[in-house]
Amino acid sequence: MSEAVAVDRAAREAAIAALRQRFGDRLSTNVGVREQHGRGEAFRPCLPPDAVLFASSTAEVALAVELCAAHRLPVIPFGVGTSLEGHVAAPLGGLSIDLSGMRRILETNAEDQDVLVEAGVTRKQLNAHLRDLGLFFPIDPGADATIGGMAATRASGTNAVRYGTMREAVLGLTVVLADGRVIRTGGRARKSAAGYDLTRLFVGSEGTLGVITEVRLRIHPLPEAISAAVCVFPSVEAAVRTVIQTIQTGIPVARIELLDPVQMEACIRFARLEGFEAAPTLFLEFHGSEAGVAEQAEAVGAIAAEEGGSAFRWATRPEDRNRLWQARHDAYYAALALRPGAEGWATDVCVPISRLAECIEETRRDLEESKVVAPIVGHVGDGNFHLVLLVDPEDREEIARAEALNARLVRRALAMGGTCTGEHGIGMGKIASLLKEHGAAVEVMATLKRALDPLGIMNPGKILPAASVAAAG
C-alpha cells in the first residue's frame, strides 16, 4: 500500500483547480517548472509534482496545505533544490510548495544573538545581513541552501566541528501541519523545560510532518581573527590521525576538511588551484583572537608534523580564504568534471572519531576492488565523510556495483557505532539503511508520522517505509 491514499485523476484536477482559483498565476503546471521541482542535486530520477505553488507567506502555505488535505493531494516542500537523497521528488505527484520567495528577515536581536527568518532566506543572504552587526550564522553545508531546507534536513557542514549543526542552531520554528494548522515551537529563551521539545521533532523531519515556514536561529559574533591553512600528508591515514589527535587534545579548530588525492586532483583542475598537489590534504580554519588563532595553529602544526604533514600554507586575506573554501564547496562539481557524462551519486556516513581512520581506509580499499571512481571528502573533525560515486546512468551493471558499495559503506559505519548519514538525510535513498540503524525505533517514528499526518500527504515516500505509515481510511 502506498504511503498516501491514491488520488485519482478527477481528484487531482479538482485540487489543482481549487488551488489555481486561489493563487492564480503563482500556481504553475508548466512541464519545465514541474521537472525543475522533481529532483535535487544528485543522481536520482526526476519525479515531478502535478503543480508548483510559489508561496509568499505562512498564511498562503496553510491555505494550500488545507486545500491539499481536502483532496488528499500530496504536499512536497521545496527550497532551492540542493538536497541529495531525493527529498524534493514527488513519487506520487502532488503539489510542490516552493518557499524560495519567502525571503524576509523578520527580526534581528543583536544583543541576544538570535534572528527570525522566513524559510526561503538563504545562508548567504542571512550572513550578508548580519555582517555589519558583527555577527554571523556559521552553519555552512556548502550550497547556498535555504534556512528552511537546512532545518528540515538537519544540515551541518564545514563549521560543525566548532559550532554544531542545525540541531543546535534552531531555537524555534513556525510549522504548517498536515491539516493546515499553524504552530510555533520553541522561543527566544536559551533553555526551556516546558513540555515536549517539538522543535527538535521537526528539525530533520524532511517535510514529512509539516512545512517549516519560519525559523528562529542562534547566531554568533564574528571572530576577531580568522586564518585558513592547507597541509599535505604522505597518506590519508596520517591526515586522519592528525584530525583525531587534534580533536582529542581539545584544540577548538573551526573547520577540518579532508580531501583524498582523487578529490584534490579534481579541485585543482576545477578551481585552478595553482601550486597545490594531488595528495591527501587537510583544509583547516582557526577562529578566535589573534593570540588564540596563533596558539591553535601552532598546536595543530606540531601534531601534523609528527604525522609527516607539510608546513602550513596560509590564507589569511578574506579573498584568499574565500577562494580556498569555494574550491572545497565546489568539490561535487569538481568530481563530476573528472568523468564527463557521468552523474554523481553523493553519499555520506559518520562514525565515532576514534574509528574514522579505519572506516576511511576500509572504504578506500573497497573502492579500489570494486573499480568505482569515487572521490572522498569529509568534515572529518566530527567523523563525517562523503563519497561522490561517479556512475554512467545508462550502465546498469555499474550502478549495481555502486549500490552494493554504498550498502557496504553503511554496514561498515553501523558496525563501528556510526550512522548511515551524518548530514544528507534519509529522503528516498536511505530508507533501508534507517531500518538497519534504528530497527524497532522506526515504528515509533511511523507512529508519530501517522498521528501528525493521518492522510499521509506530507512528502510521501521519504524517511519511512511506505507500509509502516499507510494512510488511515
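Biologist: What makes you say that both faces of β13 are covered?

Modeller: Keep in mind that this is a predicted model. On one side of β13 sit Arg255, Glu257 and Leu259, and on the other Ile256 and Leu258, all of them buried. Buried means under 20% relative accessible area. With 5 of the 5 residues of β13 (residues 255-259) buried, the strand is largely enclosed by the rest of the structure.

Biologist: How do you know that β13 and β14 are joined, and which way do they run?

Modeller: Two strands pair if there are at least two bridges between them. Between β13 and β14 (residues 281-288) there are 5 bridges, and the strands run antiparallel, so they count as paired. One spot to look at is Leu259, which stands opposite Thr281 in β14.

Biologist: And what joins β13 to β17?

Modeller: Here there are 2 bridges, to β17 (residues 376-379), again with the strands running antiparallel. The cut-off is at least two, so β13 and β17 pair as well. Leu259 turns up here too: its bridge partner in β17 is Val377.

Biologist: Which residues have the most contacts inside the largest nonpolar core?

Modeller: Leu282, Ile360, Phe385, Leu387 and Leu389, in a core of 57 residues. Take Phe385: leaving out residues up to four places away in sequence, it touches Val349, Leu356, Ile360, Ile376, Val377 and Leu409, among others. Apart from that core lies another, of 27 residues, including Val117, Leu126, Leu135 and Ala151.

Biologist: Why is Arg39 called partly exposed?

Modeller: Its relative accessible area is 28%. Buried would need under 20% and exposed over 50%, so Arg39 lands in between. You'll find Arg39 in the loop between α2 (31-36) and β2 (51-54).

Biologist: Is Asp453 buried or exposed, and how do you know?

Modeller: Buried: its relative accessibility is 3%, and the cut-off is under 20%. Asp453 sits in the segment after α17 (441-452). A polar atom of its side chain lies 3.1 Å from the backbone nitrogen of Ile457. Leaving aside neighbours within four places in sequence, Asp453 is in contact with Ala178, Thr208 and Met458.

Biologist: What makes β5 and β6 a pair?

Modeller: They share 4 bridges in the antiparallel sense, and at least two are needed. Ile105 stands opposite Val117 in β6. In their hairpin, with 4 residues between the strands, Gln113 takes a positive phi near 60°.

Biologist: Last one: what is the strand order in the open sheet of 4 strands, with its mixed pairing?

Modeller: The order is β1-β2-β4-β3. β1 (27-28) and β3 (75-78) stand at the edges because each has a single partner strand, so one side of each is left without a neighbour in the sheet. β3 is joined to β4 (residues 95-98) by 4 bridges and they run parallel, with Pro77 opposite Ile97. Helix α3 (residues 58-71) lies across β2, β3 and β4, at about 175° to β4.

Technical notes
Residues are numbered from 1 along each chain as its sequence is written. This is a predicted model: local features need pLDDT of at least 70, side-chain atom pairs count only at pLDDT 80 or more; totals for chains, interfaces and linings use all residues. Side-chain values use heavy atoms; hydrogens and water are left out. A nonpolar core is a set of buried Ala, Val, Leu, Ile, Met, Phe, Trp, Tyr and Cys residues joined through side-chain atoms within 4.5 Å. Buried means under 20% relative accessible area, exposed over 50%, partly exposed in between (1.4 Å probe, protein chains only). Contact means heavy atoms within 4.5 Å. A polar contact is a pair of N or O atoms within 3.5 Å; within protein, one must be able to donate a hydrogen and the other to accept it, and residues adjacent in sequence count only if both atoms are side-chain atoms. Axes are lines fitted to C-alpha atoms, for helices over the stretch in contact, and angles run from 0 to 180 degrees between N-to-C directions.
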